Every structure is written in C-alpha cells, then in structure tokens.
Amino acid sequence: MVDAWIRSLIHVKHIKHLTLINYLCPFRPNTKPVTLDLPPNSFSHPYLKSLHLGRYHIKTPLSFNNCGNLMNLELTGILAEAGVFNAVLMSCPSLEVLVVIINCDKGRGLLKIENRNLKFLYLSCYKIDGIEVSTPNLDILSIGSLWCERENVVFENPRLQFHRNYWTTGKIYAHTSYSISCPDQEKKSIGHEFMMSRSQEFLSEFSSMSVSVDLANTKQVEMLHEVLAAWRGEMEELEVLFKKCNAPSAEVETSIGRTKKQFWEVKKPFSDVNFTAYTVWLSDFSGSKQEIAFASWLITQGMVIKTMLIKPSLSFSSKKLEIEGAVANLKELPKGHSELDIIMA
C-alpha cells in the first residue's frame, strides 16, 4: 500500500518534495523501527527534487538507485548499516543539501560523504567508527553530535578553514561552520536559504558558530545579520573570521545600490539584533573601520557576556601599533556587561 501510494505521488502526480515520517506511538516506546522496503529506483524520478525520510530502518540502498535527480536529502532517525548509508549517498551525486541524523546498525562502520555539489551539511551520527567528508564547495557544516573519536573524523572542506570547531571548545555542544559567500545576483545562496528556513533547528541555544565574512561586502553583511537575528537564545561561542576582499575600496555604488559609507554610517547594520554570546573570537583583525564598528556594536550592546578575544591578522604586521591602538580604544568603550574582558590574543 505504501509503495503504491509513493509511486502515485512521484510518477503520476509528479511531486517535487516527499516527506515520509514513521509515527512512533507514545504508548509503545519500545516498538522496533519499521523497515522501509521499497522497490529499486523508487526515488529516481526526474521531477522529485527533495526527499525527507524519518524514523525508519533501511536494509538495502536499492530504492535510491540512480537518484541523480535529488538535490535535497534528509535522513533523520534512520537506522542502517554504514555500507548502506554510503551506497545511498553515492547514488545521489547532485545533492546540494544533506541532513544526516543516523544510527549504524549491526555494529559500527565508517561513513563516507564525497560530493562536489554540497552547500549545506548537517551531521549527527551515533554508533559509528569514523567519518570521512570530502565536499570542496561546502559553505555550511553543522555538527549536532558525533559519537566517535576525533582522530577518526576527516573533513576536507577548503572553504571552512577556522581556528575553532566542534572539538576545540573542550565541551560537547553543537557547532556550525559557515563561510558566507555571495553567488551570482540571479541565484540564491542555497545553504543560507535552507538554514534560514530551518533556523529553529540549526541555530539552537547553547551551541557555537564559526563564520567568515567580508565586512566590506554589503550582501555578506546582510547574510550575517540574518544569521545573528535568527539565533535562538544564548550562544556559547562565536568566532568571526574577517575575510579581506581584493576589490578596490573606493566609495562607489555597489551592485545592490549602496556605498560602503552609506551602509555602515547610515544604515548601521546589526543595531536591531538581539543576540548574546558568552565568548567571541575576532580573528584576522586588521583594525578596519568596518571591523571596529562591528566589534563596538558587540561590546556596547551587551552582545558579549564574558570574553572577547581579538586575534590580529599576520598579514597586517606592519600595522601592529595601529591595531593595538584600535583594541585599546575598544577596551575604553562602555560595556553592555561590566564583567566583559577584552583580550588581544
């Protein structure tokens, strides 16, 4: 019956998104997961672009054969062998968004994710030996929980080069790494759009974030604004890595119709954001007007509760005295939290 219903939706009605969640009766908490046993190529129809499966046991990957049509895949609460998961992901080479919340069946194993198209990846993996991720175009990596040793986890994500990550804080809480980038004007940032649409799930209280942003790029600043405005509750730790744009810094109209001066001095970005973090790292700090304005907002508006650590950019060693002067001025600002400690790391 389920097979016939799914085939009707996909092959007759040509739906683009399918969500199939197994209902767990609250009065039978020990009920075994239902096995989703569908024919080969069940999800390979070219019209189907997005698939969400929840709370099922998957014994074989055959229903995912030839799923180059899928661009969004969510596997939440799925039980399967590591080899089955790997085969499923290999059958979906066009994925741009992948959410993986899984349990490995019949012992443990190694999860492998290799995809050149991925923009957003969320991982929560239990009963697993290790993870290998190779995603050269990934913009957002969000980790909920990984039950395996750090040395058995390998990430090859060239865009996500941060000082802080899921392991460095010394505590176990969710961490998101986000390299903000602007696609062509005709396109949307797929990872950003997905994260904003599900911000209550991926921007949760008592988690942490590392984000890289070019403060001279108004579109990137607006995207960072959206992320911080959407955050729920207090953040444990925020790392902001300042990217430097090679474009000329002249005060000319940007592609979206504003000058840098208008944007920072007239619009005053972030002034309406109600956001707090216990610790903030400002990395590759060069003392630019935009960086000082951003740091000043964090300090005076009470957005940093405990510690702000400022790491100067090594490429601006010739401006060491200027950067030290900027940090000294930041320390003199009225603090939203009197106990805030500002440190030049």
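Residues are numbered from 1 along each chain as its sequence is written, and side-chain values use heavy atoms, with hydrogens and water left out. In this predicted model, local features need pLDDT of at least 70, side-chain atom pairs count only at pLDDT 80 or more, and totals for chains, interfaces and linings use all residues.

Visitor: How many salt bridges does a search of the whole structure find?
Guide: A salt bridge is a side-chain nitrogen of Lys or Arg within 4 Å of a carboxyl oxygen of Asp or Glu. The search covers the whole structure, and the number of salt bridges found is five.

Visitor: How far apart in sequence are the parts that Arg198 and Glu74 tie together?
Guide: The closest N and O atoms of the Arg198 and Glu74 salt bridge are 2.8 Å apart. Helices (H or I, at least four residues) and strands (E, at least two) are DSSP runs, numbered from the N terminus. Arg198 lies in the loop between α3 (190-197) and α4 (199-202) and Glu74 in strand β5 (residues 72-80), so the parts tied together are apart in sequence by 124 residues.

Visitor: Is Glu74 buried or exposed?
Guide: Buried means under 20% relative accessible area, exposed over 50%, and partly exposed in between (1.4 Å probe, protein chains only). Glu74 has a relative accessible area of 4%, so Glu74 is buried.

Visitor: Which residues are linked with Arg198 in a network of salt bridges?
Guide: Glu201 meets Arg198 in a salt bridge at 2.5 Å, N to O. Glu201 counts as partly exposed, at 47% relative accessibility. The residues linked with Arg198 in the network are Glu74 and Glu201.

Visitor: How many residues apart in sequence are the parts that Arg164 and Glu237 tie together?
Guide: The side chains of Arg164 and Glu237 form a salt bridge (2.8 Å, N to O). Arg164 sits in the loop between β11 (153-156) and β12 (175-179), and Glu237 in strand β14 (residues 234-242), so the parts are apart in sequence by 73 residues.

Visitor: Are Arg164 and Glu237 buried or exposed?
Guide: Arg164 has a relative accessible area of 14%, so Arg164 is buried. Glu237 has 7% relative accessibility, so Glu237 counts as buried.

Visitor: Which strands stand at the edges of the open sheet of three strands?
Guide: Two strands pair if DSSP finds at least two bridges between them. The order is β7-β9-β11, with parallel pairing. Each edge strand has a single partner strand, so one side of each is left without a neighbour in the sheet; these strands are β7 (110-114) and β11.

Visitor: Which residue is the bridge partner of Val133 in β11?
Guide: Strand β9 (residues 130-134) and β11 run parallel, joined by four bridges. In β11, the partner of Val133 is Phe155.

Visitor: Which residue in β9 stands opposite Glu114?
Guide: β7 and β9 run parallel and are joined by five bridges. In β9, the residue opposite Glu114 is Ser134.

Visitor: Which side chains of β7 point to one face and are buried?
Guide: The side chains alternate along β7.

Visitor: How far is the C-alpha atom of Met235 from that of Tyr278?
Guide: Met235 is in strand β14. At 0% relative accessibility, Met235 counts as buried. Contact means heavy atoms within 4.5 Å, and Met235 touches residues including Phe275 and Tyr278, not counting residues up to four places away in sequence. Met235 and Tyr278 are 43 residues apart along the chain, and their C-alpha atoms are separated by 6.5 Å.

Visitor: Which residues does Ser189 touch, not counting residues up to four places away in sequence?
Guide: Ser189 lies in the loop between β12 and α3. Ser189 has a relative accessible area of 11%, so Ser189 is buried. With that sequence limit, Ser189 touches Tyr178, Ser181, Pro183 and Met223.

Visitor: Which residues is Ser313 in contact with, leaving aside neighbours within four places in sequence?
Guide: Ser313 is in the loop between β16 (304-312) and α8 (320-331). At 8% relative accessibility, Ser313 counts as buried. Beyond those neighbours, Ser313 is in contact with Asp284 and Phe285.
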